[in-house]
Amino acid sequence: MCGIFAYLNFHANKERRHILEVLFNGLRRLEYRGYDSAGIAIDDSLSPLHSTSSPPPLVFRQAGNIESLVNSVNQEITNTDLNLDEVFYFHAGIAHTRWATHGEPAPRNSHPQSSGPGDDFLVVHNGVITNYEVLKETLVRHGFTFDSDTDTEVIPKLAKFVFDKANEEGEQTVTFCEVVFEVMRHLEGAYALIFKSWHYPNELVACKRGSPLLLGVKELDQDKSNNHVFKDAHFLSKNDHPKEFFLSSDPHALVEHTKKVLVIEDGEVVHLKDGGVSILKFERRNGSSRPASVERALSVLEMEVEQINKGKYDHYMQKEIHEQPESLTTTMRGRLIRGGGSRKPKAVLLGGLKDHLKTIRRSRRIVFIGCGTSYNAALASRPILEELSGIPVSMEIASDLWDRQGPIYREDTAVFVSQSGETADTLLALEYARENGALCVGITNTVGSSIARKTHCGVHINAGAEIGVASTKAYTSQIVVMVMLALAIGSDTISSQTRREAIVDGLLDLPNKVREVLKLDEEMKDLAQLLIDEQSLLVFGRGYNYATALEGALKVKEVSLMHSEGILAGEMKHGPLALVDENLPIAVIATRDACFSKQQSVIQQLHARKGRLIVMCSKGDAASVSSSGSCRAIEVPQVEDCLQPVVNIVPLQLLAYHLTVLRGHNVDQPRNLAKSVTTQ
Ligand code: UD1
Ligand code: M6R
């Protein structure tokens with residue numbers, strides 16, 4: 001939800017045109033995080049490095065996506081004759097793409113939010129300020145007037161209030177960083193913030209609590225070392241070397257510029273000034289809390305620019321569906337032991353869990369916690385985890401666990417599943433489980449994310465960047481990781497060794513099977529053509545594939561905007577059967593596993609009521625599933641039962657994709673959604 005970005009060039013001549021392009025491209029990379037409005041702030045004219053102030057910046061804000069902002073800025077530039085060739089030796093620009101929480105998408109609610117006339121302080125914000133009403137009342141009493149409906153507007157106004165007060169009191173030397181520290185002391189909620197002020201030309205201050213933020217550094221002269229560890233507070237000490245700094249909500253907007261990054265921690269304030277970076281954090285000493293310098297090291301991003309480009313595909317969702325054979329291979333890389341026989345059994349090795357397996361095996365219960373697709377992936381993996389571990393596994397939707405304050409005990413292992421690792425509901429549930437003493441295990445795609453850092457241990461799914469808002473390749477990689485988790489926990493049980501080895505073989509062959517099922521692309525496009533005008537699609541599944549029904553329906557509704565519902569087939573007779581007639585399309589998952597015969601009866605009962613069926617079955621079963629009535633059969637390769645959900649979801653992902661394109665909707669940025677749901 002929301003993406004923030006900043007670009008600061010130091011001792012490096014850059015045209016205004018270039019600065020704008022860097023800011024716009026940063027926003028394009030972050031657009032998947034929120035896309036209902038956007039804005040930027042840049043400098044008006046040349047500002048000398050050591051002047052005490054410079055003219056107020058130029059602020060552009062627009063409702064709609066990034067391209068609407070780009071068009072409106074271009075229009076404004078034409079109208080005002082703003083010189084795009086003007087060269088800046090130093091410049092600090094900030095940018096924002098928004099997913100509305102407080103106030104409709106409109107220029108006045110877009111960021112940067114301002115301290116008021118004169119734009120003394122400008123702020124871009126990702127997150128939610130929960131005590132903004134109280135702060136607003138106080139600021140109104142001090143004469144501030146508010147123009148937006150946002151929670152964010154209190155922040156720049158508070159900065160101005162702090163700055164003015166310090167100046168009134170004669171503290172001429174109040175630094176930008178001190179202003180932000182004081183502001184931060186008053187804020188409650190979750191936030192990542194970047195501040196710009198003409199009182200502090202060519203400086204930026206960023207801070208965070210709860211929402212993600214990274215700093216990227218690019219030195220423009222000869223770059224000799226990869227990893228900088230500095231002993232003093234200024235890990236990139238002030239020097240005159242030309243360089244560029246980038247601040248971003250996630251690495252996608254950094255990787256095309258630099259791989260040298262710093263993941264900013266909660267409570268830290270980062271000050272970019274005079275070519276140096278200083279990081280400060282509140283430290284409690286002698287009963288009072290004061291800012292103290294922090295030593296940090298840059299790390300190297302493990303991401304390639306190609307990962308975040310669409311390549312030969314029209315949409316990210318399409319690319320991500322089709323790259324699943326490769327993403328699954330990467331997920332399993334180095335984690336499968338291809339042995340055989342009693343001396344060296346085939347097994348899995350999850351580096352992040354090996355020291356914790358004993359504790360997990362002793363758990364009274366394993367609780368899977370997640371939202372949306374991540375929840376569905378956990379549901380798909382529950383049966384095999386129960387089977388191989390013998391431990392009861394319960395399922396929790398993160399927001400529901402938190403709402404009910406459901407019981408979590410010290411003897412529990414709580415497994416948090418999240419692609420982004422930043423989902424607010426899942427994070428709250430994680431804090432809750434930690435407070436209750438459970439062992440917290442993370443399963444996430446994002447190294448350095450809040451969930452990866454706050455869990456006691458975990459497994460990265462290594463599926464590569466997923467940019468389409470609809471989760472596809474992360475889902476299949478999550479299932480594979482959780483199947484590997486089940487294998488690892490159950491690895492001390494001799495009686496299940498044959499079963500475990502068969503699953504390891506199944507995992508090794510899984511990318512090939514997914515490659516095979518992807519050949520259904522055209523067939524799913526034809527099916528989408530048939531369903532294009534439908535109002536609704538039901539999906540029935542059970543056992544391992546109850547999750548496939550839920551996830552297939554979620555994909556269809558989320559991107560194609562067609563109503564769709566995943567239903568446990570065992571529940572059909574308890575209500576949903578009433579919906580069945582000759583018009584409503586119904587997909588039934590009936591691939592071969594322990595539930596196959598039960599699904600055959602479901603198909604017969606639906607045929608008996610003239611149901612309009614699409615049946616997903618194992619290769620060679622098309623004739624038998626249509627023997628009791630006409631239906632469209634989709635044949636998929638058969639794999640080990642616990643891996644079948646990985647294969648079965650692929651045709652439904654393709655169906656959702658083609659339905660969306662044919663119905664003319666935005667595939668990668670579905671209406672009202674955002675990739676990373678960082679608000680409750
Ligand atoms: C790690 C390295 C990988 C290297 C491999 C070989 C990282 C991120 N991974 O992979 O580059 O090739 O060793 O030795 O450096 N964790 C959590 N919560 C989570 C996810 C992970 O706490 O949600 C922790 C794990 O417990 C572990 C660490 O993060 O301590 C890395 O996890 P993971 O990447 O899954 O470990 P490996 O597969 O061993
Ligand atoms: O990043 P997370 O996996 O925690 O996200 C959870 C859900 O918001 C997410 O899976 C959502 O349901 C997807 N957009 C569905 O495709």
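A polar contact here is a pair of N or O atoms within 3.5 Å. Keep that cut-off in mind for the close-ups below, which come from a predicted model.

**View 1. Polar contacts hold a place in the surroundings of ligand 1 for Cys457, Gly442 and Arg335**. Start with cysteine 457: one of its polar backbone atoms is 3.4 Å from a nitrogen atom of ligand 1, which means the pair falls within the 3.5 Å cut-off. Glycine 442 also takes part through its backbone, with an N or O atom 3.3 Å from an oxygen atom of the ligand. Arginine 335 uses its side chain instead, where an N or O atom is 2.9 Å from an oxygen atom of ligand 1. On its own, ligand 1 has 730 Å² of accessible area, and the protein covers 53% of it.

**View 2. Thirteen residues make up the shell around ligand 1**. Of these 13, Arg335, Gly352, Thr455, Gly458 and His460 come nearest. Two strands, E23 (439–444) and E24 (457–460), each bring at least two residues to the shell. The biggest share is from E24, which gives four residues. Sorted by class, you will find seven polar, five nonpolar and one charged residues.

**View 3. Ligand 2 is surrounded by 14 residues**. The closest are Ser374, Ser418, Ser420, Thr423 and Glu558.

**View 4. Strand E28 is largely enclosed by the rest of the structure**. Strand E27 (residues 585–590) pairs with E28 in the parallel sense over six bridges. One place to look is isoleucine 586, whose bridge partner in E28 is leucine 613. Between these two strands the chain passes through helix H17 (residues 596–608), and this β-α-β crossover is right-handed.

**View 5. E28 also runs parallel to strand E29**. Here, too, six bridges join the strands, with E29 covering residues 631–636. To find your way along this pairing, pick out valine 615, whose bridge partner in E29 is alanine 633. As you follow the side chains, remember that in a regular strand they alternate between the two faces of the sheet.

Terms used: Residues numbered from 1 in each chain as written. Chains lettered and ligands numbered in written order. Predicted model: local features only at pLDDT ≥ 70, side-chain atom pairs only at ≥ 80, totals over all residues. Heavy atoms only, no water. Near = heavy atom within 4 Å. Polar contact = N/O pair within 3.5 Å; in protein donor to acceptor, adjacent residues only side chain to side chain. Areas by Shrake-Rupley, 256 points an atom, 1.4 Å probe, with all protein chains shown as cover. Nonpolar A, V, L, I, M, F, W, Y, C, P; charged D, E, K, R; others polar. Buried < 20%, exposed > 50% of the residue type's maximum accessible area, 1.4 Å probe, protein only. Pairing = 2+ DSSP bridges. Right-handed = clockwise from strand over helix to strand, strands pointing away.
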